[in-house]
Amino acid sequence: MDAVPYLAALSAIAALALAFYYYKKVEAESPGNERMVFLMTEIQKGARAFLKKEYQWVSVFVVIMAILLAVVIAPLAAVTYVLGATLSATAGYVGMTVATMANARTTEAAKFGPGKALPVAFRGGAVMGFTVAGLALLGLSATYLVFVTWLEVDKAFEVVTAFGLGASSIALFSRVGGGIYTKAADVGADLVGKVEAGIPEDDPRNPATIADNVGDNVGDVAGMGADLFESYAGSIIAPISLTAFAAGITAKDAGLDAILPLLMFPLAIAFAGMVASIIGSFFVRGGESTDSHALARALHMGTNVAMGITVIASVGVAYWLFADDAIFDKPWGLGVSVIGGLLVGWALGKTAEYFTSDHYRPVKKIAEQTETGPATTILGGISTGMISVAASILLILVGIGIAYWGGQQTLGDDGGVYGIAVAAIGMLATTGVVVSVDAYGPIADNAGGIAEMAGLDPSVREVTDALDSLGNTTAAVAKGFAVGSAALTALALFKSFEFAIRDADPSAALDLNIGHVAVFIGLFIGAGLPFLFAALTIDAVGRAAQKMIEEVRRQFREIPGLREGLPGVIPDSARCVEISTEASLREMIIPGALAIVVPLVVGFISIDALGGLLAGALVTGFSLAIFMANSGGAWDNAKKYIEAGAHGGKGSDAHKAAVVGDTVGDPFKDTSGPSMNILIKVMTIVSLVFAGAFV
């Protein structure tokens with residue numbers, strides 16, 4: 001049992017080795033002709049410049065938080081906080097670097113069909129996937145070994161939890177900043193290019209096209225990677241902190257051995273899931289068909305294999321850790337909790353696929369509504385997103401019920417919440433391959449842009465469009481996993497917060513009676529925060545997009561021959577990249593700070609109000625995240641469905657209405673929606689880490 005953290009660390013190192021292997025495979029592919037290499041390089045330069053500036057800004061916040069942790073909690077908590085932030089930022093940078101290298105190579109491979117292009121895009125995404133999972137698990141394993149096992153420091157589990165807060169801090173700003181960047185560029189490029197100028201998407205005449213392609217990488221690769229890094233680390237930390245705080249045990253206490261199986265189980269499941277993900281990644285092979293069903297089967301094969309192995313391994317791990325101890329009645333119970341989380345995460349992804357894929361009725365219905373204008377298009381997308389919330393809530397409740405029951409089977413009546421906590425690990429056990437499939441999407445999207453800007457044969461764009469359309473669905477699936485795990489992880493961290501308050505001061509027990517006025521006030525503050533956060537991020541996209549639109553219009557107006565596409569006339573793409581960078585970095589500060597400052601302020605005033613705040617934010621944040629992600633995805637694929645030839649095809653009135661819907665959906669699905677699950681967890685983990693200071 002003592003070997004579990006070492007096994008987890010070894011599996012993490014294996015994942016990083018696999019990421020390097022896939023990097024070399026991608027690097028060996030041809031990037032295409034001189035024009036394609038130029039475009040790839042421009043996208044790389046823009047993405048690197050943005051991340052460099054973003055990390056400079058965020059590092060100031062990280063330093064301030066580290067000092068606060070060192071003073072209020074413990075100096076070592078500041079160390080693990082910085083470690084979590086550094087590894088998260090590193091994962092994002094590595095993933096973005098490889099994604100911007102894989103885009104042109106995917107375009108070149110698309111000349112030979114999807115069977116060649118899909119594996120290239122997937123391997124590019126797999127570098128991100130296994131870097132995220134590998135660095136997160138390696139960092140956590142090392143943190144546990146150093147501070148709990150080897151040094152046996154005071155407040156050891158608060159020190160471990162601070163690692164998750166560091167990851168959350170980077171994720172919050174990366175998701176918000178990257179999301180604002182990518183959508184400002186996307187909205188500007190679409191509204192002026194496709195609607196006003198009547199030119200195709202990714203047309204080289206459009207000054208915002210390069211910025212749009214840069215945005216795919218900084219938002220949907222680096223931002224998404226930091227998001228999943230934080231989700232994965234948080235899902236492992238939640239049951240560990242829950243166990244430690246519930247038992248009131250530090251690393252120096254003699255009682256640590258009694259709860260050791262409960263501390264080791266999350267790391268053991270992460271180890272099993274990592275091995276399963278590594279195996280599953282080798283099952284992704286492309287076919288020769290551009291049919292999206294065939295492509296989806298090829299891409300999802302890796303995820304399905306990894307999930308199957310994890311299901312079997314979960315029961316085996318449960319028996320390994322719990323069968324020899326008479327205290328634990330039915331070891332299979334916690335295996336059921338993990339499997340329940342895994343299956344519900346998969347079901348949430350499939351639900352997202354149903355509501356966002358153009359193979360199903362919801363998206364086709366929105367496409368039909370475009371024929372009567374933008375208003376009915378918007379209404380159709382909103383109602384689709386709202387219906388998807390109801391379906392997702394039912395699924396998450398089923399998952400909570402199964403996980404709670406499983407925890408009770410193994411640990412007795414008090415073990416239900418632990419079962420819920422490990423269910424979140426089940427959802428994210430296969431993070432390596434899930435992120436690989438998700439990061440594939442932006443690479444395919446960039447590949448299509450390069451094909452258009454390089455003037456390649458339309459058959460190449462046909463292949464990249466098929467890959468890109470699938471990428472929208474895989475992104476929705478990954479968001480389903482992320483937000484589902486956020487709800488379960490936040491619930492476990494919330495319970496840990498309650499225990500931490502009790503441990504810090506037994507007379508300060510948390511009161512969650514909504515008849516208590518402080519709790520009631522906190523509940524409403526928490527319920528309103530996700531709406532305020534969403535409004536701030538959507539407004540930020542709107543303001544940044546407005547500057548982008550004005551710049552694109554200016555260039556079309558002032559550069560002779562640009563709109564007509566005269567030879568030798570090129571747009572000033574660098575100016576558009578600069579506008580997106582400056583606007584997104586400036587706009588991310590207030591929403592990002594809100595998630596940290598509000599729980600701290602409320603916590604120092606009233607812990608009961610803070611308890612109500614966390615409960616309210618969890619419920620509305622989860623619902624808003626699902627609603628916005630699925631509405632945005634549905635509008636996007638309705639547009640792509642029309643561009644493929646339905647309802648008049650490109651240039652029709654229906655297409656213009658669909659572009660308006662997609663433009664509204666852009667900040668929904670790629671900025672505000674994905675940020676919600678981070679908001680939920682950041683507020684909860686901040687409250688947990690500072691629980692002792694509040695009382």
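## Second largest cavity

Helix 6 (209–247), helix 9 (332–356), helix 14 (458–504), helix 18 (607–643) and helix 19 (653–689) each contribute at least two residues to the lining of the second largest cavity. Helices are DSSP runs (H or I, at least four residues), numbered from the N terminus. The model is predicted: local features need pLDDT of at least 70, side-chain atom pairs count only at pLDDT 80 or more, and totals for chains, interfaces and linings use all residues. Residues are numbered from 1 along each chain as its sequence is written, and side-chain values use heavy atoms, with hydrogens and water left out.

The structure holds four cavities of 30 Å³ or more. A cavity is a set of points on a 1 Å grid over the protein atoms alone where a 1.4 Å probe fits but cannot get out, and lining residues have an atom within 4 Å of a point. Helix 14 gives the most, six residues. The lining comprises twelve nonpolar, five polar and four charged residues (nonpolar: Ala, Val, Leu, Ile, Met, Phe, Trp, Tyr, Cys and Pro; charged: Asp, Glu, Lys and Arg; polar: the others, Gly among them).

## Asn-630

Asn-630 is found in helix 18. This residue counts as buried because its relative accessibility is 4% (buried: under 20% relative accessible area, 1.4 Å probe, protein chains only). Leaving aside residues up to four places away in sequence, Asn-630 touches Ala-352, Phe-355, Thr-356 and Ser-388 (contact: heavy atoms within 4.5 Å).

## Second largest pocket

The volume of the second largest pocket is about 450 Å³. A pocket is an open set of points with protein on both sides within 12 Å along at least five of seven lines. Among its 23 lining residues, Phe-38, Ile-210, Ile-570, Pro-571 and Ser-573 are the closest to the centre. Helix 2 (34–72), helix 6 and helix 16 each give two or more residues to this lining, and helix 2 gives the most, with six. By class, the pocket lining has twelve nonpolar, six polar and five charged residues.

## Helices 16 and 17

The axes of helix 16 (residues 573–587) and helix 17 (residues 589–605) come within 5 Å and cross at roughly 25°. Axes are lines fitted to C-alpha atoms over the stretch in contact, with angles from 0 to 180 degrees between N-to-C directions. Helix 16 and helix 17 are therefore roughly parallel (angles under 35 degrees).

Leu-585, Arg-586 and Glu-587 of helix 16 meet Ile-589, Ile-590 and Pro-591 of helix 17. This contact has four nonpolar, no polar and two charged residues.

How values were computed:
Grid points are joined across faces, edges and corners, and a volume is the space filled by probe spheres set on the points. Angles under 35 degrees count as roughly parallel, over 145 as roughly antiparallel, 65 to 115 as roughly perpendicular and the rest as oblique. Buried means under 20% relative accessible area, exposed over 50%, partly exposed in between (1.4 Å probe, protein chains only).
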